[in-house]
Amino acid sequence: MLGPEYHKLKDEHLQVVEGFVLLMSSEPDAWEQGNITFTFAGPGDICTLHPGNRHGIVAITNALILEQANNTLKNDILPAFE
């Protein structure tokens, strides 16, 4: 499992290369209200996450995910639950 987390600055583009995952995501203020989207994703699927979007990934099988991002600042990874 990855996350759940969010970023103040980072845009992320995730592409599932191998395996299957369950992606959790929500708009910036929706997570606390329980408005979370669950998406089943497999090879070739792409997800774009913008700053403030809470998100997490649960691997259903072994998976390989490529991430493309506009920055990789370590201090920009924040927990979705504070």
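Reader: How much accessible surface does the protein have, and what share of it belongs to carbon and sulfur atoms?
Author: This is a predicted model, in which local features need pLDDT of at least 70, side-chain atom pairs count only at pLDDT 80 or more, and totals for chains, interfaces and linings use all residues. Residues are numbered from 1 along each chain as its sequence is written, and side-chain values use heavy atoms, with hydrogens and water left out. By the Shrake-Rupley method with a 1.4 Å probe, where for residues only the protein chains shown count as cover, the accessible surface is about 5,200 Å², and the carbon and sulfur share is 56%.

Reader: What is the radius of gyration, and why does it agree with a compact globule?
Author: The radius is taken over C-alpha atoms, and the globule rule is 2.2 Å times the number of residues to the power 0.38. For 82 residues a compact globule would come near 12 Å, so the protein agrees with its radius of gyration of 12 Å.

Reader: How many helices and strands are there?
Author: Both are DSSP runs numbered from the N terminus: helices are H or I with at least four residues, strands E with at least two. From the N terminus on, the elements run β-β-β-β-β-β-β-β. The count is zero helices and eight strands.

Reader: Which strands stand at the edges of the open sheet of five strands?
Author: Two strands pair if DSSP finds at least two bridges between them. The order in this sheet is β4-β3-β6-β1-β8, with antiparallel pairing. Two of these strands have a single partner each, so one side of each is left without a neighbour in the sheet: β4 (37–41) and β8 (78–79).

Reader: Which residue in β6 is the bridge partner of Ser-25?
Author: Strand β3 (residues 21–26) pairs with strand β6 (residues 54–59) in the antiparallel sense over six bridges. In β6, the partner of Ser-25 is His-55.

Reader: Which residue in β7 stands opposite Gln-15?
Author: Strand β2 (residues 12–18) pairs antiparallel with β5 (residues 46–49) over four bridges. Six bridges also join β2 to the antiparallel strand β7 (residues 64–69). In β7, the residue opposite Gln-15 is Leu-66.

Reader: Is Ala-30 buried or exposed?
Author: Ala-30 is found in the loop between β3 and β4. Buried means under 20% relative accessible area, exposed over 50%, and partly exposed in between (1.4 Å probe, protein chains only). At 14% relative accessibility, Ala-30 therefore counts as buried.
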